[in-house]
Each structure stands twice: as structure tokens, then as C-alpha cells.
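Let's take a walk through this model, starting where two chains meet. Have the structure open and follow along.

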Protein chains: 4
Amino acid sequence: MDISQQWEDFLRDATEEERDVASLFLHSLKRKRDGVNGTHIGALMEIKSEFQEPDTLTMEIPNTSLLQNSLDILHGGLTATLLDSAMGTLAFKLIPEDKAAVTTEMKVNYVAKGVGDHFTCVATVIHKGSKLLVMEGKVYRSDGTLIAHATGSFFVIPKRS
Amino acid sequence: MDISQQWEDFLRDATEEERDVASLFLHSLKRKRDGVNGTHIGALMEIKSEFQEPDTLTMEIPNTSLLQNSLDILHGGLTATLLDSAMGTLAFKLIPEDKAAVTTEMKVNYVAKGVGDHFTCVATVIHKGSKLLVMEGKVYRSDGTLIAHATGSFFVIPKRS
Amino acid sequence: MDISQQWEDFLRDATEEERDVASLFLHSLKRKRDGVNGTHIGALMEIKSEFQEPDTLTMEIPNTSLLQNSLDILHGGLTATLLDSAMGTLAFKLIPEDKAAVTTEMKVNYVAKGVGDHFTCVATVIHKGSKLLVMEGKVYRSDGTLIAHATGSFFVIPKRS
Amino acid sequence: MDISQQWEDFLRDATEEERDVASLFLHSLKRKRDGVNGTHIGALMEIKSEFQEPDTLTMEIPNTSLLQNSLDILHGGLTATLLDSAMGTLAFKLIPEDKAAVTTEMKVNYVAKGVGDHFTCVATVIHKGSKLLVMEGKVYRSDGTLIAHATGSFFVIPKRS
């Protein structure tokens, strides 16, 4: 059966919540198609990224049901995804164009519940070496409370051609 | 405009890849509706969880385009999501029924590229205290190569009633 | 044989370097006796601690041969000792008098060689909860270069009476 | 005044505990002179190291007052020193002779009090790459209880000639 037909069938009996999620999914596919986000997970999280000179990168995401664990709190893994994305994107900004940066390790401390309207992640530089970059990332909720702190190492490698 | 109509419009011009992802999204909503997964991110990752006596928990996920970063490799944040889910689920198994466990910190070492057919995460116990549990998690790809290693701390708290 | 006699015998044939270390050891015992440091390792490292309102603690140590690894660089373990001491001492300052704080985890990123005249460690607060404190620590060498960055968790427990 | 004379003066009024520590210090200088340990901190901790084929390294240390924090428990920093030493020594064993390995990061989880007669550290390999090695370390007390768990990254560099 055609996927379009399958969606129609599913949505006929869908709850309000399911229709909202179906809408988030469709929105995510459009963001990916339009190049707003380069990855599906970035599109699902609706990541907006902003680089600030000289060495800071900010990412903001709305809080949606897609991000929540069974306690309706931002899933710790998605907090880590946001942190890894922000620190990694900043690392890419800071290395030569013919290089790539891969995460070799990341540690996250979770210090408060992820609730509220949206989340903001701020990535900064701890150390910028020619072979290894060490980054710091912090995630805040809309009321300004810090919910997670991370440090991560990014190894500089030649870019795949 | 109705969400069902919006999906139909989008899918009319969709690429093969977009139709595949639309299918994964629909599959995910069905897994959530049927209670196969308790969270949307678990359903999107198609997590299958298995507890083994006395103290091991295994999670398996297929490798889909939803999980990949811009280099077509398993996103480090989703690796962390899998690890946090497996270690956290194991923590819940090991504490009294009137308690909950929250992740206070997690560190992941990324040691090989996440590629291949599926990924398997194995969570085990490093320390089981009455207030704090320390867990270990490992993620393997289908060919048996270890791709990530994690340790995490889980704080035991009273369950919300 | 009496320990005093043993020292005399050893020092009779000692090299210049050994006499210097013997002097550091004696100095350390005096610091401990005079209460300048509360622990032998603190006295050996000649830790000087300074608390700054509201939430910062600084520790300074001279660079001596006692601290060096086989490459004549500050031993990573002693860097960790300095960081744990500074973050832990700060944690103690910030909790009620009838409580103690124990390190539950610490992660250190080593980013430059520990060489030079002395080292300065600065500990600050990431999160101050009633049960868990998360601290940040940085170690600098005399020329101002950051050599290590740490985060650590400190669990608040009742003080032993 | 001569260092030998200074030791004599100090020891004349020394407590039993101070004489014991003076003896540990002298013992440490002898271990260093005899090449039993390559570093002062290794000699002070009386580290005995044993490599087991193919990929395990064990270090054992006696529990002495030199190692204890103000609560008479093994200092978390010295636990880290033991772990870094064991993991680093194992890393050196596993790389080509013209290479060196430097610690780029280490995370330690402290899970039980360090008390008892002696401590044993076991280092094993998580990942052995050509540029980066990831190690695991565990510290046990004499009664077999795990007191600390660590993971660490070791970067392979050309040896200084």
C-alpha cells in the first residue's frame, strides 16, 4: 500500500497528540528538504544554530513531545545530542577547511530538569590545539536555569574527499 | 489545512528517500500507539530492550537514515541516547518499585564509526548502592566492533506519585 | 636502627638531587606538624589555598621534582589531586557545617604540558544543589597557559560525629 | 644548616607518627635510588607494577598515612594517580617503541571508601587504535570491594629523542 494512503489511514483514527506529532514529523521532513537542517535528528529537534565571533556557538530548540522521556522531561540522550551537535559544529568552524573533527569523548553532568518552552545550548572553547580541540557546552531552559554541562574532545582528521 | 492533506501534498513530490523516512515516521507513531516504545525517541530509534538476569540489559536498534549525522555515521548524540536509555532502564530494574533513578552524569568514549546493519547496546552494573548506581554501557555494530563505551551515574530518588 | 641514624647514613652518600628531595620531605613534615596542611599529600605538594567570596577557591603549588612524571612534566594524577582538592574544598565551604561532601566522580581533560615555576588551580561552581554539587576546576601554569580542565560531582552526606 | 642535621633536629622531638612518615620518606628515596620506581610519586606510593599478557596491567600499593585524606580514607587524587599510572603504563606497553602515549582525558567514578591494608589497580584495554588508546581501570581494596572505576584516553605521539 502507498505510504500516502497509509498516513491517511493512520490519521483517520489518530488522537490529538498523534496528529501533533505527525505534524512535527512532516515539519521535520520539510526542514530537511529545504536544507534548514542537514540531518534528520537536527530537523526533528528543529535546531537553530548561530555562530558568534570569535569562538561561541549557540543552538536553540523548542520543547516538543518528541524530545521527552517517560517523565515528560527532556531526554538525557537528546540533551547530549544537542551538546554534541553544538560543540562539534563549533569545532568545525575553528579548523582549516580541509579538515574534519570527530568526537572522541564527551561527558555530561545533568543538574536540573529539562522543562519549559525551549532550550538553549552554548558551546565555547576550552582548548584549541592543532590535533585536538576541547569544548565546553551548557544547556539552559527558557527560565535561564542551567540543566546540563558538558565537556568534549574533538580529534582533527583530514576531510574525506 | 488538515494534516492528512498536508502529508498527501508533501508525498506527491517526495523523493524515494523522503518516502522511506515518512514510512519510518509512521512506523514510529504506530510503535508508540501500540506501547512497543514508551517515548517518541525510543520509537523513532525502534529500540528493542531485553533484560537478562541478574544484572544486564541489552538494547538493539536498526541502522536507519534517521540516526545518521552528515557523514552517514551514527550520530554521537544518538549513541549517547541509546547508552543513557540502556543504563537508565537497567538502573530502574535494580531499585525498589517506589523509587526512580535519574542520570546525574554520563561519559562516552567514541572509538569506531557507527556503520552497518544494526547496533547493540549492553548495559551492566559497576556499582549498586542504595543512593547511587554506577553503570557501564557498550555499543557494538553488527560486525561485533565496539563503537562506544560509557559510564554513567544514576541517583535514586522517591518516585513521583 | 634509629630512623635518625638511617637518614644520616642515607644522606652521607646522597646526590644533590636526593638532598633536595630530602629537604622537601622534611619541609612537608613541618608543614603537617604546624597545621599548614591537613594531609601529607597536601603538605608534599605545598598546597596554599585561598577562598574568594562568593564561590571561588584558588590553590597554588610550586613545581618540584616530587610532582613530575618520568618526562619531567607534572604527573596527571597529581594534577587530578590538585583539582579534586580544590573542588572538594570549595564544596565543603558551600554546604552546612553539619554536612560533608564526597567526590562521586571527576573528569579531567589534559590540554597542555605541566611545566614552569608553579601551578594555580581555580575551582568554581557549576551547580549547587542540596544533595549534589557540581564543580569546575582549571589548572594554569605560571605563564598563564591552561593545562587541565575538570568537572566533578560532590555528594552531600551527614558529617561523621 | 646541613640537611642531615635538620632531620636529626626534627626527629628529636618527633611523634611516633612523624617517625613513621620519616621512615616512609626515606624508604621512598631508596626505592627511587635503586630504580624500583621511576618517579618520586611512584616511590612514595610504593607502586608495584605487573604486566600480564596480552593486555592487562596490575598495580598494587600498601595503604599508608601518606595516601590518606583528612577523613583517613585514600585521597581521591591519589586513587586517580594510581589509575592514570596503571592505564598509562599499559598504554606504553601496547604501542611501538618509538612512540609515547600521553593522557588526554580521564574520568573516575568513586564508589566505595578506600580503606584497608592495600589497594590493587587493574588496567585493561577498551580500544587500541593507532592514534588513540582508550583504557579502563579499576581499583579494589584488600577485601575485594571495588572503590573506583576509570576510563581514560591516551594519545600516541612520537617519542622525544
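In which sense do β3(A) and strand β3 of chain B pair, and over how many bridges? Keep in mind as you look that this is a predicted model. Find residues 99–110 of chain B, which make up its strand β3, and you'll see that β3(A) pairs with that strand in the antiparallel sense, over five bridges. For a landmark, pick out A:N109, which stands opposite B:E105 in β3(B).

Now zoom out to the rest of this interface. On the chain A side, 49 residues are in contact with 49 residues of chain B. The size of an interface is often given as the accessible area lost when the parts come together. Here the area buried between chain A and chain B comes to about 4500 Å², and carbon and sulfur atoms give 63% of it. If you want to know which chain A residues lose the most area to chain B, look at A:W7, A:L29 and A:R33, which together account for 14% of what that side buries.

What about polar links? Between chain A and chain B there are 20 residue pairs in polar contact, counting pairs with both residues at pLDDT 80 or more. Several elements of chain A give two or more residues to the side that touches chain B: α1 (3–12), α2 (16–33), α3 (40–44), α4 (76–94) and β3 (99–110). The largest share comes from α2(A), with 12 residues. Sort the residues on this side of chain A by type and you get 19 nonpolar, 18 polar and 12 charged.

There are salt bridges here too, four of them between chain A and chain B. One to click on joins A:D2 to B:R19, where the closest N and O atoms are 2.6 Å apart.

Next, bring in chain D. A rotation of 180° with 0.0 Å of shift along its axis superposes chain A on chain D, with an RMSD of 0.0 Å. The two copies are therefore related as by a two-fold rotation axis. Their interfaces agree as well: 100% of the interface residues of chain A are also interface residues in chain D, so the copies meet through the same surface.

One last stop, inside chain B. B:D55 sits in the loop between β1 (48–52) and β2 (56–62) of that chain. Although B:D55 and B:V125 are 70 residues apart in sequence, their C-alpha atoms are 6.5 Å apart in space. Leaving aside neighbours within four places in sequence, B:D55 is in contact with B:L90, B:L94, B:A123, B:T124, B:V125 and B:K128.

Note on methods. Residues are numbered from 1 along each chain as its sequence is written. Chains are lettered from A and ligands numbered from 1 in the order in which they are written. This is a predicted model: local features need pLDDT of at least 70, side-chain atom pairs count only at pLDDT 80 or more; totals for chains, interfaces and linings use all residues. Side-chain values use heavy atoms; hydrogens and water are left out. Contact means heavy atoms within 4.5 Å. Buried area is the accessible area (1.4 Å probe) that two parts lose on being put together, summed over both. A salt bridge is a side-chain nitrogen of Lys or Arg within 4 Å of a carboxyl oxygen of Asp or Glu. A polar contact is a pair of N or O atoms within 3.5 Å; within protein, one must be able to donate a hydrogen and the other to accept it, and residues adjacent in sequence count only if both atoms are side-chain atoms. Helices (H or I, at least four residues) and strands (E, at least two) are DSSP runs, numbered from the N terminus. Ala, Val, Leu, Ile, Met, Phe, Trp, Tyr, Cys and Pro count as nonpolar, Asp, Glu, Lys and Arg as charged, and the others, Gly among them, as polar. Two strands pair if DSSP finds at least two bridges between them. Copies are superposed by least squares on the C-alpha atoms of residues with pLDDT of at least 70 in both.
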